[in-house]
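Please look through the sequence and the model below before reading on.

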There are 2 protein chains.
Amino acid sequence: MSAVTPPNGPSGSPPQAGDVVISIDAMGGDRGVADVLRGMDMSLEKNSRLRYILHGDGDELDRHLRKATALAERTEVRHAPGVVAMDDKPSRVLRNAQGTSMLSALEAVKAGESPVVISCGNTGALMALAMLALRKAPGVDRPAIAVLWPSLNPSGYNVLLDAGADVRADSDDLLKYAVMGASYARNALGLKRPRVGLLNVGTEEHKGRSELHGAAGRMAEVGPLSDFEYIGYVEGTDMASDRVDVIVTDGFTGNVALKTGEGTARMIQGLLKEAFAYSILSRIGALFALTSLKRLQKRIDPRRVNGGVFLGLNGTVIKSHGSADATGVSAAIKLAFTLADHGFTERLAARVAVGPAVGHAPDLARGGSPT
Amino acid sequence: MSAVTPPNGPSGSPPQAGDVVISIDAMGGDRGVADVLRGMDMSLEKNSRLRYILHGDGDELDRHLRKATALAERTEVRHAPGVVAMDDKPSRVLRNAQGTSMLSALEAVKAGESPVVISCGNTGALMALAMLALRKAPGVDRPAIAVLWPSLNPSGYNVLLDAGADVRADSDDLLKYAVMGASYARNALGLKRPRVGLLNVGTEEHKGRSELHGAAGRMAEVGPLSDFEYIGYVEGTDMASDRVDVIVTDGFTGNVALKTGEGTARMIQGLLKEAFAYSILSRIGALFALTSLKRLQKRIDPRRVNGGVFLGLNGTVIKSHGSADATGVSAAIKLAFTLADHGFTERLAARVAVGPAVGHAPDLARGGSPT
């Protein structure tokens, strides 16, 4: 099974075979409900197989949906008026989760009504509630957040994990991240045999921390059995390179690296704008080069890779940027659809379910079914 | 005292008061001796107070210097024919250090002939030999590598440390990094009261690893006594921001962050070049904007911030990029001159010499002399 699960709610038309249902938390983002609904509408215009279960304040959502007939037709509203705030601590969120749109959205996945949930809310809270509602998948100690990062690869992206689910990871966690990240790259980017690298401060064998040395040896063993190619250590300079598809690291390092890349890109974009505004000549230059510059801008636009994916739970959870606008929400929906349509949750579970003996399950890994 | 130490070698004219002597390892860079000498010459043209002690193969260096009279006049050659290779492991280097240009360059600092050494050689080897030849400064457990990173600050740079001297750092090390980094920012960037931030995965108090929580509390205490302002946690997005001057982290995270920033900048520069080459219109645009684009290019040119500085040894060591060309070498010399002219080694030593009680030495820290 993957994505065809009929929602039996009070709104929306009856589901059809081939429909893919996405569970969406309408609240908790910085921009409010209207942008979420516009993003849902944008996606639906391009993809008629989408259906939504939308969680939030029922009256508010119904009011918005009255203006969007086509969207209302494909959307079931589920009333859950509580909102998890951006600055709520995870511990507080856990105590006050009942009745929130975030928990309601996760529970639809738990109940099997949808294979994937999207939320623009607070990352720490979403991870805490997802662990509570969905539980860790068998064989996983530390779930991870995987993100797509613009790269020179043909797909345009590399996968990086963990982007910040946990500030620590031991050798075993890093090995699981490799297996999960490779599975994600196969399903989200369509790569048959992703190249996996372990983020380190140099490519020589003796470099780095001891947990990396342990993980490196095991990844080389597990790779051939688990349909990925372990290419050894990679460095920060490889984040955007085309010699690796999946970059594995702990959540502290991964989070700092991602934000450093974002900050650098933003600084250069700012300086570029300044450079073009500097003189009359440079302004004329910008006019001539406008189309090309717009294409570049689009290539490195963070909204187009909106969505960190929580891996290692009994269900797929997509964390959209808190500040995501309609374009960002629509990008997250596209990713959710792709993963749901591939039956990603089940494929990933099959990959990691083999537990600590992950390196010794050639029958499963070679069976052909799990991607 | 700072920089006036007469070299008594066989070549060069007698030193004058006000001269600043830099000890330079001529070997071990990727580009060879000629680029090092051209960089020395470029610096000397701009700054007549420079003198050099140059370490390497005597015959080869003399042959090069015969073509550069003004440079030969200010340069003492010290014969040390052994070369530390880029891929030598630190352990091997330590066994075979005798007679290498790298060790000879460090020994000139140890002997008090020069306050600062520059090498384009292998970072791990240089740190290992520097620890052996110069020893750690009193009160320092882990020396650190500080680098300048292009930022939106008025100086154009932030200081980041540790950039990779050690893959681990505990609370106490991080506190020392703050004190050393602030001293470096005062002397290299001329900031009176640098703002120091601790790199973390979020700015909230509960975020991150336990060693960070410990260090944060102590930095807030030590800041007022040690002439820096502790501003709390910063994130990867702040690497280039103007809300912080000194970013403190362990050498693993710092190294990954730096290389990620470099990789991102390089990717965007590549895409920008592609964008301008894309069509006739965009090529015309590039022509019009050429001056402004060149200014931008210069602003983010890595050669202009060439030189990681080893802090926490009895002497200042500048590690230049292995691939540094003459412009890069000249940038490292400029930095070396500035630090030597400020008596940086002594000032830094005074700052950290107070040992574990670094937070309880208001008399020294307030004395006015150490910057």
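What share of the contacts in chain A with a separation of 6 or more comes from residues 24 or more positions apart? In this predicted model, such residues account for 72% of those contacts. The secondary structure of chain A consists of 14 helices and eleven strands. Of the 371 residues in chain A, 54% are buried; a residue counts as buried if 20 or more other C-beta atoms lie within 10 Å of its own.

Next comes the sheet, described here in chain B. Strands of a sheet pair through backbone hydrogen bonds, and the pairing is either parallel or antiparallel. In chain B, eleven strands form an open sheet with mixed pairing, in the order β3-β2-β1-β4-β11-β10-β5-β6-β9-β7-β8. Its edge strands are β3 (75-79) and β8 (229-234) of chain B, and each of them pairs on one side only. On average, neighbouring strands of this sheet are turned by 25° against each other, direction ignored.

Strand β10 (residues 308-311) of chain B pairs with strand β11 (residues 316-319) of chain B in the antiparallel sense, over three bridges. Within this pair, F310(B) has V317(B) in β11(B) as its bridge partner.

Helices pack on the sheet as well. Helix α1 (residues 33-46) of chain B touches β1 (20-25) and β2 (50-56) of chain B, and the direction of α1 makes about 170° with that of β2(B). Helix α7 (residues 171-189) of chain B also packs on the sheet, where it touches β5 (144-150), β6 (157-161), β7 (195-199), β9 (246-248) and β10 of chain B. The direction of α7 makes about 160° with that of β9(B).

Helices can also meet each other. In chain A, the axes of helix α5 (residues 101-110) and helix α6 (residues 123-134) come within 10 Å and cross at roughly 35°. The crossing of α5(A) and α6(A) is right-handed. Among the residues that make the contact are L103(A) and L106(A) of α5(A), and L126(A) and L129(A) of α6(A). By class, this contact of α5(A) with α6(A) has ten nonpolar, two charged and no polar residues.

Finally, how are the two chains related? The same surface serves both copies, as 100% of the contact residues of chain B recur in chain A.

Methods
Residues numbered from 1 in each chain as written. Chains lettered and ligands numbered in written order. Predicted model: local features only at pLDDT ≥ 70, side-chain atom pairs only at ≥ 80, totals over all residues. Contact = placed C-beta atoms within 7 Å. Helix = DSSP H or I, 4+ residues; strand = E, 2+ residues; numbered from the N terminus. Buried ≥ 20, exposed ≤ 12 C-beta atoms within 10 Å, placed from the backbone. Pairing = 2+ DSSP bridges. Axes fitted to C-alpha atoms, helices over the stretch in contact; angles between N-to-C directions. Left-handed = near helix turned anticlockwise from the far one by under 90°. Nonpolar A, V, L, I, M, F, W, Y, C, P; charged D, E, K, R; others polar.
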